[in-house]
Amino acid sequence: MGPEDVSILFNAYSACRARLYGLGCTARVLRDFSEVIPALEKCGKDVTPFFQTRFFDFNGHNGFCHVAFADDEPVSFYCSQLFDTGAMQYLDYHRVQLSRIYGPEYPIDESWVCPPMKEIQGKVIYSGDALNVSGHGSARLSLERLALIARMNLYLGLATWQDANACVGLARADRVRKSLGDIYGAFHRYPYATRWLNPPEDRKQDDMFLFNWPSDVLYLAKIDAHETAPSSAG
């Protein structure tokens with residue numbers, strides 16, 4: 001990724017932030033997950049294991065969370081962190097993560113393969129724990145606000161970790177069917193990310209695997225930057 005690509009990402013980031021301000025919100029980037037987790041929980045979110053400090057070591061450089069504020073109250077969250085699968089395919093890396101988090105009493109069916117997980121390897125940006133706090137704006141405005149900070153996460157993530165090979169996430173199928181795949185900025189969506197032999201209470205069989213290649217994120221950034229660029233007409 002070259003300087004021009006990074007410039008596009010930051011231009012798009014600024015454009016999204018300006019639109020967020022237009023909705024009456026400010027934004028902060030939190031990098032201390034000992035602060036992020038209580039804030040999410042206070043707003044009623046059960047934080048997934050993928051952003052729990054008991055499973056992952058956050059050091060201020062390998063993760064962040066965008067928080068939108070209205071009148072000094074947190075109203076939307078979206079988090080990202082960097083994984084490095086090394087020589088492993090993301091499929092195998094993800095299976096190791098699930099095994100470590102949930103233990104042997106919740107095995108997965110290792111004969112089941114979500115195809116794009118085999119194509120992804122190396123540094124991966126994982127995003128999740130999206131939340132819109134109820135009671136702050138209409139449904140339309142709330143989704144617009146969440147879409148903006150989701151894209152800000154994509155742009156800042158790729159600008160920060162420029163050698164990342166993919167941006168990924170998991171989402172429940174019913175939420176993706178309600179257009180949240182678009183809200184999260186996911187170009188690619190595959191059903192049945194994992195097939196459980198005994199699913200834990202917080203997982204479902206129809207979780208979807210959402211992902212973008214860096215080229216997808218740059219394409220989205222060009223759209224956001226272009227939509228707010230001054231017109232040369234007239």
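Reply: The model is predicted. Begin with a pair: the side chains of Asp224 and Arg19 meet in a salt bridge, at 3.3 Å from N to O. Asp224 belongs to helix 7 (residues 214–227) and Arg19 to helix 1 (residues 3–22), 205 residues apart.

Me: What makes the contact of Asp224 and Arg19 a salt bridge?

Reply: The cut-off is 4 Å, from a side-chain nitrogen of Lys or Arg to a carboxyl oxygen of Asp or Glu. The N to O distance for Asp224 and Arg19 is 3.3 Å. That is within 4 Å, so the pair counts.

Me: Is Asp224 buried or exposed, and how do you know?

Reply: Buried means under 20% relative accessible area. Asp224 has 3%, so Asp224 is buried.

Me: How many salt bridges does the whole structure have?

Reply: A search finds nine. One of them joins Lys123 and Asp163, with the closest N and O atoms 3.0 Å apart. Lys123 lies in strand 4 and Asp163 in the loop between helix 5 (139–160) and strand 5, so this pair ties together parts 40 residues apart in sequence.

Me: What about Asp92 and Arg95?

Reply: They form a salt bridge too, with the closest N and O atoms 4.0 Å apart. Both lie in helix 3, three residues apart, about one turn of the helix. Asp92 is partly exposed at 31% relative accessibility. Arg95 has 14%, which is under 20%, so Arg95 counts as buried.

Me: How do you know the span of helix 3 is close to the expected one?

Reply: Helix 3 has 13 residues (90–102). At 1.5 Å a residue, 18 Å is expected, and helix 3 reaches 18 Å from its first C-alpha to its last.

Me: Why is strand 5 called largely enclosed?

Reply: Six of its six residues are buried, so the rest of the structure largely encloses strand 5. Ala166, Val168 and Leu170 point one way, while Cys167, Gly169 and Ala171 point the other way. In a regular strand, side chains alternate between the two faces of the sheet.

Me: What makes strands 5 and 7 a pair?

Reply: Pairing needs at least two bridges. Five bridges join strand 5 to strand 7, and the two run antiparallel. Five meets the cut-off, so they pair. Val168 stands opposite Phe211 in strand 7.

Conventions. Residues numbered from 1 in each chain as written. Predicted model: local features only at pLDDT ≥ 70, side-chain atom pairs only at ≥ 80, totals over all residues. Heavy atoms only, no water. Helix = DSSP H or I, 4+ residues; strand = E, 2+ residues; numbered from the N terminus. Expected span 1.5 Å × (residues − 1). Buried < 20%, exposed > 50% of the residue type's maximum accessible area, 1.4 Å probe, protein only.
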